[in-house]
Amino acid sequence: MTVLLEVKALSKVFGGVHAVDGVDFSLDRGKVLGLIGPNGSGKTTLLNMIAGTSRPSSGHVSLDGTDVTAFTAHRKVRRGIARTFQSTRLMRDWTVRSTLELASGARRGPRTPAEIAELVGITDTLDRLTGSLPSAIQRMVMVASALATHPELLLLDEPAVGMDIEEADRLQSVIRVASSELGTTVIVVEHNMRFLMPLADSVLVMASGKVLSEGTPQYVRNDPAVVAAYLGD
Ligand SMILES: Nc1ncnc2c1ncn2[C@@H]1O[C@H](COP(=O)(O)OP(=O)(O)OP(=O)(O)O)[C@@H](O)[C@H]1O
């Protein structure tokens, strides 16, 4: 098993707020990591720093042995790090096909946009405008768009928000296929434990910007510190 992502002493301070405070972890290639924690615990800020949309105050991020800490978000996409956002950020008057074609131009790989659309189960939407689609399908388009860049590391920020059980199950299968068949390493931030726990190989729990607990889903579920800080809420 090879380590793909290494995060060392990563911190972000906004004014006086330590949003992320000395976080260390590593992630093996092809694994799915769940990132959980109460509101405001620093999950999105951590994801932003890994993705390059926010610059760390201190610390390092390396991907496959390369220090990518100072890379811009675009350079990180070209290096193999893709992300989705909590809110949908699609160009509403673009078709799904154009959206996926644009994404695939950022980092070429073996799969065509049409193949990615099929993998995600959105082939029937390829000629629709993204803005005309229901929000759950827009979220699937965001995931497809990230996968179209052939990422080594895929970062998903609350991907199942607003999805019903059937839609969330479909997204779960897509993430499983990305991890097991495409070899993509995935970090999923999610409050929906029913969605996350069966999917994650391991879970990192944050509280007040620090790592509170880390381990298998079963381990963190039973960790008294986690129960007190989060799951017991
Ligand atoms: N751009 C910013 N400017 C100032 N403070 C910020 C900024 N972004 C985040 N914060 C603060 O940093 C802390 C961590 O926020 P963050 O959004 O990373 O938490 P989170 O765990 O993702 O929360 P949620 O589950 O609600 O999305 C919070 O106290 C938040 O108010």
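What is the handedness of the crossing of α3 and α5? It is right-handed. The views below come from a predicted model.

**View 1. Helix α3 packs against helix α5.** Helix α3 covers residues 96-106. Its axis and that of α5 come within 8 Å and cross at roughly 30°. That angle makes α3 roughly parallel to α5, because angles under 35 degrees count as roughly parallel. From α3, the contact takes V96, T99, L100 and A103. From α5, V141, A144 and S145 take part. The contact residues divide into 5 nonpolar and 2 polar, with no charged.

**View 2. Helix α3 packs against helix α4.** Helix α4 covers residues 113-120. The two axes lie 9 Å apart, at an angle of about 115°. The helices are therefore roughly perpendicular to each other; the range for that term is 65 to 115 degrees. The crossing of α3 and α4 is right-handed. On the α3 side, the contact is made by V96, R97, L100, E101 and S104. On the α4 side, it is made by P113, I116 and A117. By type, the contact residues are 5 nonpolar, 1 polar and 2 charged. V96 and L100 of α3 also belong to the contact with α5.

**View 3. Helix α4 meets helix α5.** Their axes come within 9 Å and cross at roughly 135°. That makes α4 oblique to α5. The crossing of α4 and α5 is right-handed. I116, A117 and V120 are the α4 residues in this contact. Their partners in α5 are M140, V143, A144 and L147. The contact residues are 7 nonpolar, with no polar and no charged. I116 and A117 of α4 also take part in the contact with α3. A144 of α5 likewise belongs to the contact with α3.

**View 4. The largest nonpolar core holds 63 residues.** Which members touch the most others? They are I50, V143, A144, L147, L154, L155 and V188. Helix α5, residues 135-147, gives the largest share of this core, 8 residues. I50 is in contact with V7, V61, I81 and L155, leaving aside its neighbours within four places in sequence.

**View 5. S173 sits in helix α6.** This helix covers residues 165-180.

**View 6. D64 has a positive phi in a loop.** The phi of D64 is near 50°, and the residue is not a glycine. The loop runs between β4 (58-63) and β5 (66-67). D64 counts as partly exposed because it has 16 C-beta neighbours inside 10 Å.

**View 7. S208 has a positive phi in a loop.** The phi of S208 is near 50°, again in a residue other than glycine. S208 lies between β9 (202-207) and β10 (210-215). With 15 C-beta neighbours inside 10 Å, S208 counts as partly exposed.

How values were computed:
Residues are numbered from 1 along each chain as its sequence is written. This is a predicted model: local features need pLDDT of at least 70, side-chain atom pairs count only at pLDDT 80 or more; totals for chains, interfaces and linings use all residues. A nonpolar core is a set of buried Ala, Val, Leu, Ile, Met, Phe, Trp, Tyr and Cys residues joined through C-beta atoms within 7 Å. A residue is buried if 20 or more other C-beta atoms lie within 10 Å of its own, exposed if 12 or fewer, and partly exposed in between; C-beta atoms are placed from the backbone. Helices (H or I, at least four residues) and strands (E, at least two) are DSSP runs, numbered from the N terminus. Two residues are in contact if their C-beta atoms, placed from the backbone, lie within 7 Å. Axes are lines fitted to C-alpha atoms, for helices over the stretch in contact, and angles run from 0 to 180 degrees between N-to-C directions. Angles under 35 degrees count as roughly parallel, over 145 as roughly antiparallel, 65 to 115 as roughly perpendicular and the rest as oblique. A crossing is left-handed if the near helix is turned anticlockwise from the far one by less than a right angle, and right-handed if clockwise. Ala, Val, Leu, Ile, Met, Phe, Trp, Tyr, Cys and Pro count as nonpolar, Asp, Glu, Lys and Arg as charged, and the others, Gly among them, as polar.
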